[in-house]
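User: I'm new to this one and would like to learn how to read it, feature by feature. Please start with a single residue and build up from there.

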Amino acid sequence: MATKRFFDDFVDPDSNQPNYKRLRKTPSFASVIKEVVMVNFLDNFCSALEPMLRKVVHEEVESGLRRCSRSIGRSPSLRIKTLEPSNLRLIFNKKLSLPIFTNSKIMDSDGQYPLQLLLVDATGDCLVPTTLATPIKIEIVVLDGDFPSGENWTHEEFNKNIVKERAGKRPLVTGELNITMRDGVASLGDLEFTDNSSWIRSRRFRIGAKVVHIGNGQNSIRIMEAMTDSFMVKDHRGELYKKHYPPALGDDVWRLEKIGKDGTFHKKLTSHGIKTVQDFLKLANIDPHKIRRILGNGMSEKMWEVTYRHAKTCEMGAKSYIARGPNYILILNPICQVIRAIINGQICHSRELRGIQRSYIENLVRNAFTNWSSLEEVDGGLQVNEPAALLTQGERGVHHQNAYPRSALFTAAGGSIECGDWIVNQAHICLPIESSSEEELHYL
């Protein structure tokens with residue numbers, strides 16, 4: 001650099017003239033030494049000055065930060081407020097409808113409506129519905145199924161157990177996640193899970209609701225968060241195989257508890273023509289021993305009770321089936337239970353029948369079961385002028401180590417409800433038993 005300046009000093013102002021020839025002179029030794037000394041001085045000066053500058057800047061930055069933090073501490077709008085404890089809490093009004101599958105709407109236990117949130121006062125032993133004068137903003141979240149470990153939790157513990165979606169996945173739950181509560185009630189919108197729960201340790205989720213804002217500056221009030229019972233979320237492909245609650249008469253028989261689709265029990269039943277819930281219940285009422293033999297020893301007594309109890313929850317509907325003969329008319333419900341029997345133009349009451357008469361009607365019912373496809377199907381209730389006789393073909397008792405199904409009450413067309421007193425021995429022969437009251441049922 002010094003050498004360049006040295007040569008520049010010797011540049012003549014008239015050097016731009018066309019005939020001018022630039023003179024080049026060699027700098028003296030003294031001038032070179034002078035330039036080197038000056039450069040070394042500047043380097044040493046800067047090296048000595050740098051630590052001093054760093055120290056000054058550091059002290060000024062620290063001082064500025066201290067002044068800023070004191071300003072934040074004095075500002076009420078920037079201080080973190082401690083939530084005041086209260087007895088208010090959010091609750092869900094009903095349990096969830098289970099099972100839950102991905103991409104399926106989350107409904108309440110009735111299976112028809114979304115969940116609702118209520119604001120309650122937990123003072124004392126009862127939860128009393130209450131309201132606030134201002135709207136409450138609420139956020140819906142997903143929680144780990146293992147939370148909480150007790151009945152009470154802090155706001156921080158609740159937030160710590162919120163479950164987010166897996167990396168690279170869609171949001172874990174979609175729909176209306178931010179709702180407003182007014183007058184102490186808020187309905188959840190359409191919510192759907194996009195992922196199953198098998199990837200977290202507990203393999204279960206909960207749905208939670210927390211307050212994010214209360215109007216009119218009441219954010220300091222602590223309102224306890226709401227959460228559902230823990231549940232599993234299954235992949236939507238499993239929905240194709242889920243059980244129905246209640247089952248319909250026309251449902252495939254594998255929709256019943258303990259009978260898996262294409263499983264051993266399913267194959268055994270279909271091989272004997274039992275394909276629907278209606279087929280299952282008809283045979284269970286007519287010949288319970290036979291259906292147990294078809295299922296085999298693989299279905300324990302406890303499993304059978306679960307399956308049959310589930311089957312009995314199905315709705316019978318309004319259809320009736322009429323079996324006609326030369327001197328009789330039988331009116332049956334969809335699962336082959338007698339609603340009314342008319343023999344020789346007379347309505348037969350079960351308590352007026354003797355053994356032979358009962359056996360005769362029992363055989364007529366079995367014949368109707370065998371020829372079910374030829375029966376006359378009637379929609380809607382039957383209208384008669386006389387009180388209807390109820391012959392409860394399904395009420396059974398047997399001399400056997402296993403208990404067999406006993407059907408529920410039947411409703412007559414006239415609106416009355418009675419219980420019959422039919423029983424069946426091992427040969428399935430109906431025998432009457434005298435009873436001292438109209439409501440009593442006797443079984444051998």
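Analyst: Let's start with Arg201, which counts as exposed at 72% relative accessibility. The cut-offs for that word are simple: buried is under 20% relative accessible area, exposed is over 50%, and partly exposed is in between, using a 1.4 Å probe and protein chains only. Before we go on, keep in mind that this is a predicted model: local features need pLDDT of at least 70, side-chain atom pairs count only at pLDDT 80 or more, and totals for chains, interfaces and linings use all residues. Residues are numbered from 1 along each chain as its sequence is written, and side-chain values use heavy atoms, with hydrogens and water left out.

User: Which side chain does Arg201 meet in a salt bridge?

Analyst: First the general idea: side chains of opposite charge can pair when their charged atoms come close. The rule here is a side-chain nitrogen of Lys or Arg within 4 Å of a carboxyl oxygen of Asp or Glu. Arg201 does this with Asp146, at 2.7 Å from N to O. Their places are distant parts of the chain, 55 residues apart: Arg201 is in the loop between strand E9 (191-193) and strand E10 (205-214), and Asp146 is in the loop between strand E5 (136-144) and helix H3 (155-160). Those labels are DSSP runs numbered from the N terminus, with helices (H or I) of at least four residues and strands (E) of at least two. Asp146 is partly exposed, at 42%.

User: How many salt bridges does the structure hold?

Analyst: Twelve. Another one joins Lys95 and Asp229, whose closest N and O atoms are 2.8 Å apart. Lys95 sits in the loop between strand E1 (88-92) and strand E2 (100-101), while Asp229 sits in the loop between strand E11 (226-227) and strand E12 (233-234), so this pair ties together parts 134 residues apart in sequence. Lys95 is exposed at 55%, and Asp229 is partly exposed at 46%. There's also Glu376 with Arg324, at 3.0 Å from N to O. That pair runs from strand E17 (residues 376-378) to strand E13 (residues 320-324), 52 residues apart. Glu376 is partly exposed, at 36%.

User: What about aromatic pairs: how many are there?

Analyst: A pair of aromatic rings is described by the distance of the centres and the angle of the planes. Rings of Phe, Tyr and Trp (its six-membered ring) pair if their centres lie within 6.5 Å; planes under 30 degrees apart are stacked, over 60 edge-to-face, and the rest tilted. This structure has eight such pairs. One of them is Phe147 with Trp153, edge-to-face at 5.9 Å between centres and 65° between planes. Phe147 is buried at 7%, and Trp153 is buried at 10%.

Phe193 and Phe231 have ring centres 5.8 Å apart and planes at 70°, so they are edge-to-face. They link strand E9, where Phe193 lies, to the loop between E11 and E12, where Phe231 lies, 38 residues apart. Phe193 is buried at 0%, and Phe231 is buried at 1%. Ring pairs also bring Trp199 and Phe205 into a cluster with these two.

User: In what order do the four strands of the open sheet come?

Analyst: For this, two strands pair if DSSP finds at least two bridges between them. The order is E7-E5-E10-E11, with antiparallel pairing. Strand E7 (178-181) and E11 are the edges, each pairing on one side only. Two bridges join E10 to E11, and Gly208 stands opposite Met227 in E11.

User: And how do I read the chain as a whole?

Analyst: Start with the tally: eight helices and 21 strands. Of its 444 residues, 37% are buried. Contacts (heavy atoms within 4.5 Å) tell you about sequence distance: among those with a separation of 6 or more, 65% come from residues 24 or more positions apart.
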